Amino acid sequence: MRRNLQAALVEDAYTAAVPTQSELARDEFRWRSVKDGEQARAEKTGRSSKKSEIERGMSSHFACPVKASSGYLEFSFGPFRLIPEQQLLVEEEKPVSLGARGLELLRVLVEHSGEVVSKDELTARIWPDTCVSESNLKVQIAALRRALGEGRRGQRYIATVSGRGYRFVAPVKRQDTSLEKCKTASAPEHNLVSGWTRPLGRDQIIDALQRELPVHRFITIVGPGGIGKTTVALALANALVGSYRDGVWLVELAALRDPDLVPSAIAAALGPGIAADGGSKALPSILHHKSMLIVLDCCEHLVDAVAAVAEDILSVAPQLHVIATSREPLRANGETVRRLGPLATPLEGTPLTVTEAIRFPAIQLFVERAAAVRHDFELNESNVRFVTEICRRLDGIALAIELAARRTDAFATSEILALLKDRFQLLTHGRRTDPPRHQTLAAAIDWSYELLVERERAVLRRLSVFVGAFVLESAIAVVSDGNESQTLIASDIGNLVAKSLVSVETCGESVQYRLLDSMHAYARQKLEQSGELAALLRRHAELHRALFCRAEAEWKHRPPEEWLADYGRCVDDVHAALNWAFSGGGDADLGAALAAVSVPFWIRLFLVDERRRNMDRALNASWDRACDGGRTEMKLSNALAGVLLQTQGPAARGLEAWKTAAETAKRLGDRAYQTTERCIFGEVRVSPGKSLGSIAGA
């Protein structure tokens with residue numbers, strides 16, 4: 001009976017590992033170059049050698065029981081356990097029929113779970129001394145997927161990364177069951193969830209934290225909501241299981257509201273032994289001799305209490321280490337802060353091939369999560385542009401990218417990109433088992449917003465009138481309504497930076513700020529609801545008129561690089577201010593003044609079309625041209641005439657604008673503009689012996 005069972009399993013494995021002729025025929029690449037006679041011989045030879053290989057593998061499987069009595073390394077995922085040393089894959093303790101090459105292929109993928117393994121690497125590992133075509137690897141991958149029952153009950157294990165290779169996407173748990181190890185040390189204690197994969201794009205920070213922790217002992221991972229702080233902390237904790245005599249312990253604080261209960265929460269997470277020995281009040285004395293890692297997750301709403309407890313236990317326990325996650329630093333004694341940045345995304349406007357795009361962790365995450373909800377999803381030439389822009393628009397925030405990827409079950413990537421205009425309505429399909437703050441993008445930001453004091457909320461709302469980067473001086477000018485001190489506003493902005501709600505960019509001594517796209521959209525909604533929007537838009541336009549009055553006075557005297565360093569960041573905000581000024585609810589007088597003083601800006605940036613469009617729009621609008629004796633109209637007309645000369649030559653519209661500018665300059669006695677007009681137009685010949693200036697004077 002045992003022999004018959006073995007034979008049956010061999011036949012099953014043979015069927016799973018070697019596809020039929022009809023299956024192979026579907027792979028055009030494999031059979032394109034195989035002649036009719038060679039095809040039959042290749043199939044027959046392949047089946048014969050494969051069958052012998054499977055027989056040898058299955059014999060070794062039955063030579064030892066499923067639960068081995070000697071030490072081995074095993075990998076667990078879903079209902080499966082892979083024991084490479086025994087050439088054995090079991091599903092719920094039943095052997096799975098899979099040949100030696102299939103087992104080796106599976107081993108390589110699970111050893112590098114979460115990573116892309118290239119086709120060349122896989123081929124070299126499976127056929128080390130043989131030259132084979134890529135189709136052989138496709139055959140083995142297809143067989144492995146069938147053996148794992150991929151697609152059954154929604155399970156997904158192997159993702160195809162177009163043009164590169166394959167990634168094992170299911171959570172994998174590694175376990176060393178060596179009896180030698182068991183005899184010398186008890187199994188490491190922890191309360192971490194079993195089954196995890198190394199997060200995409202975070203290898204560098206995890207490795208750095210692993211090196212730093214023994215030195216610094218107390219590290220807080222800080223970043224905005226949904227960026228992946230908990231994921232990184234848990235990956236680090238899992239990597240360190242077994243490194244501490246008394247275990248690795250996760251303390252989840254998100255649901256805790258009473259700061260006085262923080263010590264009790266830690267004591268409860270560390271197990272009944274701690275509570276029995278005196279509980280939270282005796283925490284420092286109980287832990288003083290422990291070699292232990294404690295992970296304090298989601299501390300931002302309890303920062304004072306967590307900081308105090310962490311200081312207490314670390315001061316008396318030299319072998320104890322703490323990792324905390326928070327949206328702001330705890331500001332505790334001995335704390336080292338490590339800010340977690342977004343996942344890398346391509347630069348704006350950079351066209352990428354599929355191979356180039358998939359190298360970015362943000363795009364890898366999108367593809368992986370999309371494939372989990374739509375089994376046929378893959379990155380290709382038709383969708384790479386949309387996926388790239390989605391990840392960029394979502395600022396590389398892991399949670400937002402995951403939520404967007406899950407909508408591929410209902411929408412094309414081009415439609416998802418278009419729907420991001422209302423991202424808080426779109427990104428609402430979090431995992432049911434996730435904490436409430438991670439169920440939707442709005443909930444993730446709500447969590448942070450609700451922790452702010454009202455003054456900080458007002459500052460954040462008002463900062464949303466900026467479209468691009470801004471400096472502290474500009475922020476204070478817009479935020480202030482005349483009732484707060486500049487120092488207090490600056491302090492509030494600093495708090496928002498610390499709480500990961502405002503991003504800061506430094507270059508030498510220059511510091512500027514920015515709201516990431518999702519935070520900007522959220523804060524703008526809050527500003528609209530507050531009833532302050534109209535006043536803030538006016539204040540924003542007035543700020544830029546004043547800013548560019550200064551820029552106009554400086555532009556001929558300061559070095560171009562220095563001048564642009566101060567004003568170049570404002571291009572999007574000038575656009576926004578002009579759009580508001582010339583809109584129905586705006587102020588055309590303010591818009592005309594801003595358009596006039598921004599002329600040097602467009603010239604210095606070589607934005608010819610922008611210059612023409614803005615001058616045209618201002619001159620066609622209805623506003624009081626006599627308010628400053630016509631000087632604003634003179635500047636606008638002069639700028640329009642100059643740009644039309646560059647782009648259209650001496651056309652009638654340019655001539656008309658030049659005449660207006662020249663007449664006004666003459667009336668105002670503005671020698672600088674009269675000189676400019678002569679320099680620009682006096683030497684432009686439109687016919688033999690005639691200049692544009694002579695035609696204009698006729």
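## Ground rules

Residue numbers start from 1 along each chain as its sequence is written. As the model is predicted, local features need pLDDT of at least 70 and side-chain atom pairs pLDDT 80 or more, while totals for chains, interfaces and linings use all residues; side-chain values use heavy atoms, with hydrogens and water left out.

## Where α9 meets α10

Helix α9 covers residues 203-216 and helix α10 residues 229-239 (helices are DSSP runs of H or I, at least four residues, numbered from the N terminus). Their axes, lines fitted to C-alpha atoms over the stretch in contact, come within 10 Å and cross at roughly 55 degrees, with angles running from 0 to 180 degrees between N-to-C directions.

On the α9 side, Ile-205, Ile-206, Leu-209 and Gln-210 meet Val-232, Ala-235, Leu-236 and Ala-239 of α10 (contact means heavy atoms within 4.5 Å).

## Helix α7

Spanning residues 134-147, α7 has 14 residues and reaches 20 Å from first C-alpha to last, close to the 20 Å expected at 1.5 Å a residue (that is, 1.5 Å times one less than the number of residues). Its buried residues include Leu-137, Ile-141 and Leu-144 (buried means under 20% relative accessible area with a 1.4 Å probe, protein chains only). Just past α7, Gly-149 has a positive phi of about 65 degrees.

## Arg-462

Arg-462 sits in helix α22, residues 454-463, and is buried at a relative accessible area of 8%. Setting aside neighbours within four places in sequence, Arg-462 has contacts including Asp-481, Glu-484 and Glu-532, along with Val-478 and Leu-527.

Technical notes
Helix = DSSP H or I, 4+ residues; strand = E, 2+ residues; numbered from the N terminus. Buried < 20%, exposed > 50% of the residue type's maximum accessible area, 1.4 Å probe, protein only.
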